[in-house]
Amino acid sequence: MFRSAGELAEGLRDARYVIDPVTLEVVYLAAKMQKPLLVEGPPGCGKTELAYAVAAAADTTVERLQCYEGITEEKAIGKFDESLQRLFLETQKDFLGQDWEGIRNRLHSLDFFAEGPLLRALRHKLKPCVLLIDELDKVDHAFEALLLEILSAWQITVPKLGTIKGEKIPFVVLSSNEERRLGDPLRRRCLYLRFEYPAVEREVEILAARSAHQEGPLLGQMAGLAHALRGWNMEKPPSIAEMLDLAQALQILGVKEIMPELRDVLLPLLAKTEGDRGRLLLREGFEGLIVDSKLYRDKLNGRGVQCISSLGRGANKRPRILRAMRGILRLGIRGPCRARGRSHPGGIRLEPLCGFQEGRCGSHAAYACDGKPVRSA
Ligand SMILES: Nc1ncnc2c1ncn2[C@@H]1O[C@H](COP(=O)(O)OP(=O)(O)OP(=O)(O)O)[C@@H](O)[C@H]1O
Ligand SMILES: [Mg+2]
């Protein structure tokens, strides 16, 4: 399918699919070794898209079997087209003669078989296709067992039709959201890939590749917001797909920077359950996430830490200071970032993490890596 990993990388780049070097090598190996790829991970993190991107890179088509509870062999492999068989008998009866065995064989040939995606994938003649067996965790064990013959012997046995051998071995992608654990016999036949939500840097690449935005700061802030939301213990954290929706919405709204005031209009894009909506509606909740998103953005843009000076005095500022400090700790900024200023009874103790000096943070809060006071995030 691909002469080299470089050729695959180039193809995936043209398909605007962002992939890390190790995953790229694994996909290349799967293609070379003619092994199916089993991809597991949360929704919207690029499992299905990988199959389409590989197909685009190989300039071939995708045969897709969308799995669901109660799916039948007929749906996956195909079935005899009875109306076509009947029509054949009616129109050709004068020429068929008395050779009942011959007639039966003729009727049970591929000419009268409406092929499903599995059979179609094996019968591609010129080039191998990509066979996507999507959301395999939705099917039962019996159906999973049906796939074993196909995925190791590259053939399908159909009653009355016989065993059909693959003409070209397809590149197979099996995807699962892990609602049910797939069996070991299937796993052993595959190379296994686990997709997680991407790191901020990679999400910026994906947003740049798949959205109309090209300005670094906004891309960084969107990716930072995604990261902050996913670290927020949501019932349904936003996926890459949802961040792409956000990118589109910001473009329509003409937004250059995400501000707390946009909360209500962005809520339907970011919170997809009542619980998550309720939490984001808390003023502190959304505002804190925006602070975090800016921290990530600034880290990406090499601006160092912008945090929490000038927050004013008083214990009521403590939550903001704490939030910003936590943001810094999460970012893993290293260096002599100090907390200084007037301490008060509710002063914040900084953990000696990530090169932070232990200290107490008063209401006038922090200084950034270079020791200079920085403006509020
Ligand atoms: N690595 C990537 N490079 C480019 N785009 C990506 C990448 N990962 C995800 N996307 C974008 O996210 C969208 C959703 O990805 P996809 O449909 O593959 O998710 P999924 O993992 O199959 O989710 P589900 O389990 O819900 O089916 C894609 O249409 C694509 O636009
Ligand atoms: Mg999918």
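Strand E6 (residues 155–158) and strand E7 (residues 162–165) pair in the antiparallel sense over four bridges, where strands, like helices, are DSSP runs numbered from the N terminus (H or I of at least four residues for helices, E of at least two for strands), and two strands pair if DSSP finds at least two bridges between them. Within this pair, threonine 157 stands opposite threonine 163 in E7, and in the hairpin, which has three residues between its strands, lysine 160 takes a positive phi near 75°.

This is a predicted model, in which local features need pLDDT of at least 70 and side-chain atom pairs count only at pLDDT 80 or more, while totals for chains, interfaces and linings use all residues. Residues are numbered from 1 along each chain as its sequence is written, and chains are lettered from A and ligands numbered from 1 in the order in which they are written.

The chain's secondary structure comes to 16 helices and 13 strands. Of its 377 residues, 36% count as buried, that is, with 20 or more other C-beta atoms, placed from the backbone, within 10 Å of their own.

Around ligand 1 there are 19 residues, with Pro43, Gly46, Lys47, Thr48 and Glu49 the closest; a residue is near the ligand if its C-beta atom, placed from the backbone, lies within 6 Å of it. Helix H3 (47–57), helix H10 (200–210) and helix H12 (240–253) each supply at least two residues of this shell. Because domain 1 (5–194) and domain 2 (200–303) both give residues to the shell, ligand 1 lies between them, the domain bounds coming from an automatic or database domain assignment.

Key. Buried ≥ 20, exposed ≤ 12 C-beta atoms within 10 Å, placed from the backbone.
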